[in-house]
Amino acid sequence: MIIEAWSRVRCGIAPADRLLNFTVVKNTFFVTTAIDYTNGAPHLGHAYEKVLADVLARYHRLKGEEVFFLTGVDQHGQKVQQSAEKQGVAPQEFVNGVTAQFRSLWEKLDVRYDQWAATTDDRHKQCVRAILQRLWDDKDPRTGASRWIYKDSRGGYYSVRQEQFLTDKERGPDGQFGPEWGQVEFREEENYYFRLEGSRQWLLDLIDARSRAGNPLVLPDFRVAELRNAVEKLAGDLCISRPKARLSWGIEFPFDADFVTYVWFDALVNYISFAPGYDPAVGADLAEFHGWWPALHVIGKDILIPAHGVYWPIMLRALGFSDEQIPTLLVHGWWNIGGEKMSKSQGNSVDPDVLADRYGAEALRYYLMTDIATGRDADFSEERLVQRYNSELAKNLGNLLNRTLNMAQKYQGGTLKAPAAGTDAGGLRAASEAAIQAVADGLKTDQVQAIAGAILAFSSHANGAIEAAAPWKLAKDPGAADALNGILYGLVESLRIIAILISPFVPDAAHGILDQLNWKTEHGHGNERFRLADTGWGGLPEGHQVSAPVPLFPQLEVQKAE
Ligand code: MSP
């Protein structure tokens, strides 16, 4: 019965008051990203967001949670239609080509998503249409009209060349529309509108209540005030249709075939149309969906207001989602070039594919996660990419691995001996516990830069411990066997823990470290081999045999194209 009710809500056809009010105890993590426009090739900003979500997903898997990571592409809309026309191909053919570029980039960067969201997918189209129908059918008993959607005719200035309505923002300093707009004429147009204004107070209250409860709607929480101000100023409703006469590349309205759906109303729905527990063909499973929802939406700061911070919560409210079911938004900053936002239209975009080929996918992943603080902007620099990799991975962690395994081979034939009870050679165990705690703290606020910093600090500490203990001297002193055992065991154990902790950033290298340590788990050799539960000190048994070192992080050099 419950499942049946849910399937109707998921398709958007259950009445709003049939709400999904039950608590599900979860050990799940549902993370989504913005879906990228397919009007051009991916750039570094797109790659950053997907790697960020991937790293978070991997940390939650590491914690033993069940993870569902959704990403994809936004394939409809005017820009796509225009780009396809320019190339003289059909829009679907055009988006297929660009979509393939995105997918192959995620494969190259090891972005391990669980579900691909492409908005031309039938599953998605059906969901958008069902939602529109549901909102249209949700009638006010007094007036008999929909409570959420109405049709209206409005006039405005329209650029024939750009095929879009212009607003005052498009006027030049002289108050006129510039020549770039070509012929501009006044036009009346009928469209469908989604009611926003009536939810203004509800949204303000929600923002405040979530902040009071220590569970802000927007992370980092310095953006909450920005959203609140925007909601306070909210005026007017959202035009959610486009007449087919001027834009045909979109999802047709279910109750009026002369219109297609506005691209944002279509795109936002991906977060539920591709969520687990929903399959329009088979029906949705209420319990399954609720085991996952709400998602954490990872998005850039340019699409917080109004799309994710205003439209989306109100759309969910209209669909009958309760306040607790409104998702949290993790809002990241921009990668800039010389202070300017990197974007295709600015012509200053950096190609992540080229960078990955030049320096390796993991060097790029590591740079993107460590040279920017979550929520803030950063300036891209190829020199810094190389510098960070060389100093933090090659020199710091790479040297720790090489030196430790060399010494273990040289002084103990690769066989570890357990340290004397109650000792903590070089303070390595304490440093490991501090790093594990810092990872847990960083995860609470999704500060991946701080997490990487803590892991690298642990590695630096271990390098320092080598200098302080000087195993090469201990090896010559027959009375120092315990001290030698203790430091070598501690170093290998530190590396084992570092490999697990750092695996979300550089999974291949982490596998490489564990292979050289000869560390096997009953979880197998895939990514399941990384478990936070295995980071307890003392996981390596007495007599464990390590391999000889093989360099994992070759030094990089900046290779700028001519
Ligand atoms: N299609 C919409 C999103 C719909 S989500 C239901 C869109 N697409 S986009 O391709 O323009 O941007 C996709 C994501 O990339 C956004 O979160 C955006 O903030 C992010 N980035 C685009 N340029 C960026 C940088 N220069 N730096 C970091 N991320 C930026 O908006």
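Strand 5 (residues 149–159) and strand 6 run antiparallel to each other and are joined by three bridges. One of the residue pairs here puts S159 across from Q164, its bridge partner in strand 6. All of this comes from a predicted model, so the picture below is a computed one.

Strand 5 has another partner too. With strand 7 (residues 184–194) it pairs over 11 bridges, again in the antiparallel sense. In that pairing, I149 faces F194 of strand 7. Strand 7 then carries the sheet onward: two bridges link it to strand 9, and the two strands run antiparallel. There, Y193 sits opposite C239 in strand 9. Put together, these four strands make an open sheet with the order 6-5-7-9 and antiparallel pairing. Strand 6 (164–166) and strand 9 (238–239) are at the edges; each has a single partner strand, so one side of each has no neighbour in the sheet. As a bit of background, strands in a sheet pair through backbone hydrogen bonds, in either a parallel or an antiparallel way. In a regular strand, side chains alternate between the two faces of the sheet.

Strand 14 (residues 335–337) and strand 16 run parallel and are joined by two bridges. Across that pairing, N336 stands opposite D379 in strand 16.

Now for the bigger layout. The protein chain splits into domain 1 (3–14 + 26–332) and domain 2 (379–535). Their C-alpha centres are 43 Å apart. Where the domains meet, 13 residues of domain 1 are in contact with 17 residues of domain 2. Together the two domains bury about 1,400 Å² between them, and carbon and sulfur atoms supply 70% of that area. On the domain 1 side, R58, Y59 and L62 lose the most area to domain 2, together making up 46% of what that side buries.

What kinds of contact hold up across this boundary? No salt bridges are counted between domain 1 and domain 2, while two residue pairs are in polar contact across the interface. Helix 2 (residues 44–62) provides the largest share of the domain 1 side that touches domain 2, with seven residues. Sorted by class, that side of domain 1 has nine nonpolar residues, four charged ones and no polar ones.

A few backbone details also deserve a look. Most peptide bonds are trans, and most residues other than glycine have a negative phi. The bond from L219 to P220, however, is cis, with omega near -10 degrees. P220 sits in the loop that connects strand 8 (218–219) with helix 7 (224–232). The bond from W293 to P294 is cis as well, with omega near 5 degrees, and P294 is in the loop between helix 10 (286–292) and strand 12 (296–300). As for phi, D446 has a positive value near 60 degrees although it is not a glycine. D446 belongs to the loop between helix 15 (428–444) and helix 16 (448–469).

Terms used. Residues are numbered from 1 along each chain as its sequence is written. This is a predicted model: local features need pLDDT of at least 70, side-chain atom pairs count only at pLDDT 80 or more; totals for chains, interfaces and linings use all residues. Side-chain values use heavy atoms; hydrogens and water are left out. Domain bounds come from an automatic or database domain assignment. Contact means heavy atoms within 4.5 Å. Buried area is the accessible area (1.4 Å probe) that two parts lose on being put together, summed over both. A salt bridge is a side-chain nitrogen of Lys or Arg within 4 Å of a carboxyl oxygen of Asp or Glu. A polar contact is a pair of N or O atoms within 3.5 Å; within protein, one must be able to donate a hydrogen and the other to accept it, and residues adjacent in sequence count only if both atoms are side-chain atoms. Ala, Val, Leu, Ile, Met, Phe, Trp, Tyr, Cys and Pro count as nonpolar, Asp, Glu, Lys and Arg as charged, and the others, Gly among them, as polar. Two strands pair if DSSP finds at least two bridges between them.
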